[in-house]
Amino acid sequence: MTTLAAVHTALPPHRYPQDRLTEPIGDLCLAPGADRAVFRRLHASAGVRTRHLALPIERYAALRDFRESNEAWLTAGLDLTERALTTALAQAGLAPADVDLLVCASITGVAAPSLDARLAGRVGLRPDVKRLPVFGLGCVAGAAGIARVHDYLRGHPGGTAVLLTVELCSLTLQKGDDSRANLVAGALFGDGAAALVARAGVTGTGAGAEPAAGPSVVATRSHLHPGTEHLLGWDVGAGGFRVVIDPAVPALVRRELGAQVRGFLAEHGLDTGDIGAWVCHPGGPKVLDAVTDALALPDDALTPSRRSLAAVGNLSSASVLHILQGFTEAHRPEPGTWGLVLAMGPGFCTELVLLRW
């Protein structure tokens, strides 16, 4: 049984209220003199109160090209992942040398050697640590990463695996691009990193090891929606990563998510009413509304997701880990509570992870 022993989110120090970011982002994306009424309403209705950025907001105008943005991603990303990883390991009662597998996911920058390889020497990972850098999963990578870590641990009893995600979404904002997708991204996304420590049943080392206090992974499910590749992702060009967000995503969620989730839960003798902890990626207010409708959930079921969106914005792959951290700290479920991690991403795809505390 895979137990989630600890999870920790690291956020950049540059924290801004949403209304402090609206005009500077408008200056970056909109033509001089453009009417900003719709743009301002978009920011006001995004469900975001505050966000953390990799750089001070005034520095974004000085980024000249993709190379400079990617260098900023690498510098800030290494610092954030180091903080997230070392803190999560300490919370689990483990040392970096205890890690057998490190899965590192990001879709907002690229590096070779990858982030995990550069991080290994900084934090003291073993030279024989298994590493798996992942690019392309985007918002679904937090849930998919938990599932793949679980797959590994099923074959390695007593092993320790870490999922590390870092998304510096602000560095992908396209200057001079007033497309709907770019403006939505500029209103929704924040920056951060998160680390999750998973073990095959225990935390700590040696004879005194205790059962982990976090939830256990019961089952996982992946689903690709045929013919939907165009709905979400990147359009990669000379300026870097130009976001693709099709307005048809909420309608797809309403149409198809319900049958997927109910079918998955039914295999384990459960229904949506049995889930006491919903760890749902906060894709935005419209996506959260669509999930609520598709699953006929109570109005407060996705409050943790809306709370995360308000506090830090959409952190892409790190968001479900940020939400899960809340369930392992201030809002810990009672023993026996069922939970479901749910995320969607480019593909278009869905990932489900069934948990039990």
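Visitor: How do you know which residues and atoms to count here?

Guide: Residues are numbered from 1 along each chain as its sequence is written, and side-chain values use heavy atoms, with hydrogens and water left out. In this predicted model, local features need pLDDT of at least 70 and side-chain atom pairs count only at pLDDT 80 or more, while totals for chains, interfaces and linings use all residues.

Visitor: Why is Thr272 called buried?

Guide: Buried means under 20% relative accessible area, exposed means over 50%, and partly exposed lies in between (1.4 Å probe, protein chains only). Thr272 has a relative accessible area of 13%, so Thr272 counts as buried. Thr272 sits in the loop between helix H7 (249–266) and E13; helices (H or I, at least four residues) and strands (E, at least two) are DSSP runs, numbered from the N terminus.

Visitor: What makes up the surroundings of Thr272?

Guide: Contact means heavy atoms within 4.5 Å. Not counting residues up to four places away in sequence, Thr272 touches Val261, Arg262, Leu265, Trp278, Leu295 and Leu297.

Visitor: What makes a group of residues a nonpolar core?

Guide: The members must be buried Ala, Val, Leu, Ile, Met, Phe, Trp, Tyr or Cys residues joined through side-chain atoms within 4.5 Å. The largest such core has 47 residues, and Tyr60, Leu164, Leu168, Leu171 and Val197 have the most contacts inside it. Helix H3 (66–91) is one of the elements that each supply at least two residues of this core, and H3 gives the most, with ten residues. A second, separate core of 43 residues includes Leu252, Leu270, Leu295 and Leu342.

Visitor: How do you know which strands stand at the edges of the nine-strand sheet?

Guide: Two strands pair if DSSP finds at least two bridges between them. The open sheet has the order E5-E4-E6-E7-E1-E10-E15-E14-E13, with mixed pairing. Strand E5 (130–134) and strand E13 (275–280) each have a single partner strand, so one side of each is left without a neighbour in the sheet.

Visitor: What makes E4 and E5 a pair?

Guide: Five bridges join E4 to E5, and these strands run parallel. The definition asks for at least two bridges, so E4 and E5 qualify as a pair. Within E5, Val134 is the bridge partner of Ala105.

Visitor: How do you know that E15 is largely enclosed?

Guide: Seven of the eight residues of E15 are buried, so the rest of the structure largely encloses this strand. E15 runs antiparallel to E10, with eight bridges between them, and eight bridges also join E14 to E15, again antiparallel. E14 and E15 form a hairpin with three residues between them, and Gly347 in the turn has a positive phi of about 150 degrees.

Visitor: What makes up the contact between H1 and H2?

Guide: Gln18, Leu21, Thr22, Glu23, Ile25 and Gly26 in H1 meet Phe39, Arg40 and His43 in H2. By class, this contact has three nonpolar, four polar and two charged residues.

Methods. Nonpolar A, V, L, I, M, F, W, Y, C, P; charged D, E, K, R; others polar.
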